[in-house]
Amino acid sequence: MNQFLNYIDETFINLSIDNNQQAKNNCLKAIKLLNGLVKDTKYLKCLSEFTLKLYKLKLSTSEKLAWLSSKNYHPIVDFGEVTSHNEIFIGSVNDEMMPMPDLPIDYKPINIDSWDTDLKDIYQDILPNCSFVSSFLALNDKFRLIDLITPHHPSSSFFVKLNFNGGERIVKIDNKLPIIKDSMRNLIIKSLSSDIYWPALIEKAYLKVMGNSYKFEGSNMANDTYMLSGYIPEIIQIKNGLLDLPYLKSVDAVLGIGTRKLSSQLASQLNLISEHDYVIEKFNDDGSIDIKNPWSIDNRTNTIHDFTHFRFIYINWKKTLPFKTHFINTSTQFKVKGWILLEKHLPVENNWMSITIYDSKFKVLTENEYKKINYIDTNNRLQLIKLPKTCTIKINSNQNGIFTLSSGYEIEKSKYEYRHTSELSGEWNSQTNGGNWSMSTYIDNPQYKMEVKEPTNLKIALHSKGLVNLHLFHGGGKIETFTKPIINENYNQDYQLGTFQLSKGSYTLVVSRYDKSIESFRLIFNSSSEINIFKHSNYLGLFNKTVEFDWDNKNRYKYVFTLTDPTSIKFRINYFNLNNSFEIHSNYRPGLRASLFKDKQPILINKEFNDSLFGIFLTCDLSPGAYILLVERFEIGYGSCKIFIGSNKKIK
Amino acid sequence: MIENNLLYIPLKQASPINLGEKLGQVIDDKYFQPSNLFSKDLIDLTNIRNEIAKLKNIEISNKEIDLLYNYLTILSDFLEKKFPDDAIEFGWSDLLTHQLSTHKLRSFKFEKLNNIFQLGAIYSQLALKESRHTDEGLKKSCNLFQLSSGCFQYISNLVDKYNTIHFSSDFRNETVLSLMNLMLAQAQETIWQKALNNTTIKDSVIARLSLSVSEYYSKTVEFGKLSDFIKLEWLNHMDVKKFHFLAASHFRLSNVALDSAEYGVQVAHLRLASKFVDLAFKHKKYVSQFVIEDLNGLSEVVKTKLRTAEKDNDLIYLKIVPNEVDLKKIEGASMVKPIYSDKFNNEPSKEYFKELIPYVIVNVAQAMRERQDDFINSRFHEPIISLNNMLNQFVTERGLPASIDSIQQPENIPESIINHSKEILNLGGIELIEKIILENQNLSIECNNLVEECNKRIQLDSNEDDMLRKRQGTARWNRPSTAEAAKELIFKIEKMYEYLDQAKSGDSIINQKFYNIKSALEVYVGGQKSLNSYIPNSTYSSLDPEVLKKINYLRDLLSQITTLEEERKTFLNSLEIKSRDNNILPKLIEKYKANPKEINDLDANNISIFEEIYVNHLKSFNIDIDYLNKSKETQIELENNINLANNEFIKSYQATKDSTTIERENSLQTLEIAYNQYLEIISNLNEGSKFYHDFLTKGNNVLKDCEDYLYKRRLESRDLEISLNTPPTPSQSNEAGKIVSPKSSKPIGGVWNPDAGIKFG
């Protein structure tokens, strides 16, 4: 039967990686195994039925992740009449040598025949797992710990059921335990009064899962109680020694308390142990509490009046959160309500998570889009979040990995407010880093044309680094000057959000940075009807050319050029004060104008002088011939001038 | 035609503009809607305005009248209502005098007045086109003169109404009223003419009609003499007419006297008639030949009759000739009045800019958004910052929580210090201050540059003006110097320099404050480790349960401060989003759409109708004001409680502190003070930043004024240079066909003139 379970587990894993053929093969092997058994074997019918349906099962991404999360510790499979956490499935387990501290240790099989469930005298010894032992002590009269292990008779192998990585999983262990040679001291959890070893087996499974085995580095009581019982963990920081005792007294939960770091001198003065977890045993009427030390010392119970030296309260609520979703991407957003528990799957190292809670039913485009209800950051891998109403939560972590969100209600992935979403990325490079609108290069910034076919609500989010902004203009064409944008907010750090109600028509979007630095950006468009977005070319034309000259106390300049083919041509003419690569709006600029002649005949005449910051523009379709572009400034003077020429044919 | 004994008013000359294009630019610049939504209306308007600019004297018909009325309706019903009055600059050249002068003004009202003037001129010209030989022609002519007069009366009323706008001087009352009376005089003269043709009308009636004509001319002259725009030949014309009709009136009265055999009276009237004829002749210079011929005719008759009458009386009747004062007075009989045409009230031919949200809405929305931002800032942000500062100061002054931390918590970093450290780090630590200081320094440089740029514009003008003054000589270069012309701007620039100096000294005080606490801040931003090494441990002594209870109570109160501050922070964040999402524009548009007429008819300066919306809009923040008030009360109560609890604690804690405790307490207190200072410095720096930003906004306006000033001065110097360099010409013809385009658009030497031929090389 152990092999049968292996096939079933393999099948699930194959289904999770979409290897359906292999899944089918494994199912067939499992069926074959069942067929080989005698007819009256227990559970045969339900196991067969389950297996026959199994390979056709379609797993959701979330379910797949549960199977892929930890290869060695599979989720418990429910066959109907029986689960995989049953002794019938136990085969021989041979644990490799687990890492051990540097002690004279005898790692040997123990024949376990005491299944006593009185755990009052259980204690912690050398191993620094006060949190685990405290949890054991605290759960003793509230939870059947013994049911975590199977079978309840001497065996060389056991299955231990623990709650981690998104649910109940089976940890397979053998019956070896480390015994310190010639010593009364123990590396394992022990009872003073009886010779029970099954808690040590659960402890062993726990240590295996936690990663460092008997070189254990510590945990906290809320996490450990959750692993054992599945009770929802909550950690409350004690601030300034203040405890809400009436509240704690009233909760239906397992309670513990942890100390701060204390110097040995102060610790002994206070009769407390530094950074140690205790079980809360009793609330006294005078505002003190009785706490129990997991150590076996003379006076295991302390009465505490002053909580200044304690740092955490551990609460494990006797509740369940049946709806679960597993996911990889951090910065995922969910629509949730009520209580939710976020779990980062083991193994974890230097993990850190933040949860931002927004007052919104919709996916959040930028941080300031909706009101923030709360922000939590934690270095614990489990975090309980209590929500006052339906909210959107956004989860971030410094590390990739698999996460599980559990809730009392259905969990939905958040959706943006409007039906249509499109994303595009781009960059401000050395040509398109136009800077803000007070610079002559502003119009060099990336520009997009947006076509709106019907009245539309639109949100545009711009994400980048530094001070950024977005401006939307009517028209759709490439802008050549800064007219009134539809909204005009200040430049904002790292992101900008624009909310628009647009009527049918074409629009031009310009994204800019306050300074002219180089950076990439991401744009998200979310709209109530479909909009088309095109990027405008950064160039004036297909062929591009720049002519530069100094005014040199003159007020006119003739640029002579010849066209051999009919050519569409566009000129942009900018004035520059000497040595400037760009101008800002407060700099002095003379008015400019430009006219075009062919064979000394005027083709395009401008009478008005224009001192636009962004330069003057001339567009024309020209036939072959010799041309003169006459550029004039209002008054004679110095400074330089650049004529940018874009054309669809090459200009000689 | 028109070569007769009456005057017509020459049309003004409109400077051509592409009205549609200009309005389109205004829409694109100032509205939230694109101009291409209105392209049809814009093209229409360009065409209408072009037609109006093309109007020529004499070649006019009823078609042009309809065009003008239509345009006036568009101006009043749409342009004035949907656009800011100063959206577009209109130019009009005045042709009343020999001197061609162009007036420019950014005002639709100015455009309106000029077009009403055009109507008045057209009516005067049409009146002269009518036949003066038929009753029908005279009747029509009289009506047209009265319509013309009505136009000028309308102008006069409008100028009174728009008394805040400085229109060009040709719209001053003396000119307008002179023209109005001229038209009435000519209308009355037409009536008189008609009466002459009717042989049944008695001399006494004609005398009264004639007197009225004279009276109107008299008024015309009276106002005309005060005006620079009524030329001498016209004044002479009016004077001649005034005396002519006075003489004519006496002549008719002499006939009346003759008929009733009052020979002495007859002679007296004839003598007066003769006297007035002579007076009329005194003004005959430059006056039209037709008028003089009329006068000659009258003169001959009067002189002849006088001679005969005097002789008859002397020889036969021997009646005493009464003095002038003893003659029976008659009243002038005016048969005319200014007629205000119904067409001024015409319904518009079509609706223009139907979908355009009026500028007043756009403008009010913008203003109210700014007001709202100010409101949020001054009613919430500032009070909360100062409440928080007061609270922190209150606690720090009492040495809290350092005093209890050092006793109760001999090791570890107290919660409040950890929180302060976190908050300082969250806010951006030392770097934040350094960053803002640097930013403010840059802003300060930017502000200085801006003022420099302003100064540079003035300096440019000063240099150019000096150069030209030297070249042309002080006597000829008779425009004001830069110091005089730019007086206001120079004053503003000086003030700006002063403000920047003050800001600078403010900045250095803040910098000093920052350097004083910098070492403590370094401890904060160094995190746990640096805090641990900075704050010494103290010896622990167990506390009496009674004291512990007091400490815990005090702690509880102190933790309420943290809660309160956090609550306020969340409140402000939410408020920011609420304010952003609570835009007033949709409410204004709603109001407009509900009753567009009411908004359209608004006087641009009277926006009180929106105030109500704003007040209602702000009501949505009442709940927040309540919160703030409650929060303030909570703070007062909390401070009282803390004060009492702290006194209790001090009273009960009698044990003398050992040196380790005192040391720990001192270092904690230093950190607490540094934290308070940190917050204070940031708020000071933000104030500084706000000052510089405001300065930049205002400074940019000054820069724009300086640029406009420089541009205007340059145009002025060009015009002046041209006029000094061209030899004086004899008085120009005022025929419309020969009018040159306004001088300012005429480029000067060196720059190619697109209006002239092409000469390269």
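This is a predicted model: local features need pLDDT of at least 70, side-chain atom pairs count only at pLDDT 80 or more; totals for chains, interfaces and linings use all residues.
Ile316(B) belongs to helix α10 of chain B, residues 289-317. Because its relative accessibility is 54%, Ile316(B) counts as exposed (over 50%; buried is under 20%, partly exposed in between).

The contact between the chains (heavy atoms within 4.5 Å) takes 49 residues from chain A and 48 residues from chain B. About 4300 Å² is buried between them, 52% of it from carbon and sulfur atoms; this is the accessible area lost when two parts are put together, summed over both.

Three salt bridges are counted between chain B and chain A, each a side-chain nitrogen of Lys or Arg within 4 Å of a carboxyl oxygen of Asp or Glu. Arg260(A) and Glu415(B) are joined by a salt bridge, with an N to O distance of 3.3 Å. On the chain B side that touches chain A, the helices supplying at least two residues each are α1 (19-30), α11 (359-397), α13 (415-427), α14 (429-472), α18 (545-581) and α23 (659-725). Of these, α18(B) gives the largest share, ten residues. Helices are DSSP runs (H or I, at least four residues), numbered from the N terminus.

Residues are numbered from 1 along each chain as written, and chains are lettered from A in the order written. Local features need pLDDT of at least 70 and side-chain atom pairs 80 or more, while totals for chains, interfaces and linings use all residues; side-chain values use heavy atoms, without hydrogens and water.

How values were computed: Buried means under 20% relative accessible area, exposed over 50%, partly exposed in between (1.4 Å probe, protein chains only). Buried area is the accessible area (1.4 Å probe) that two parts lose on being put together, summed over both.
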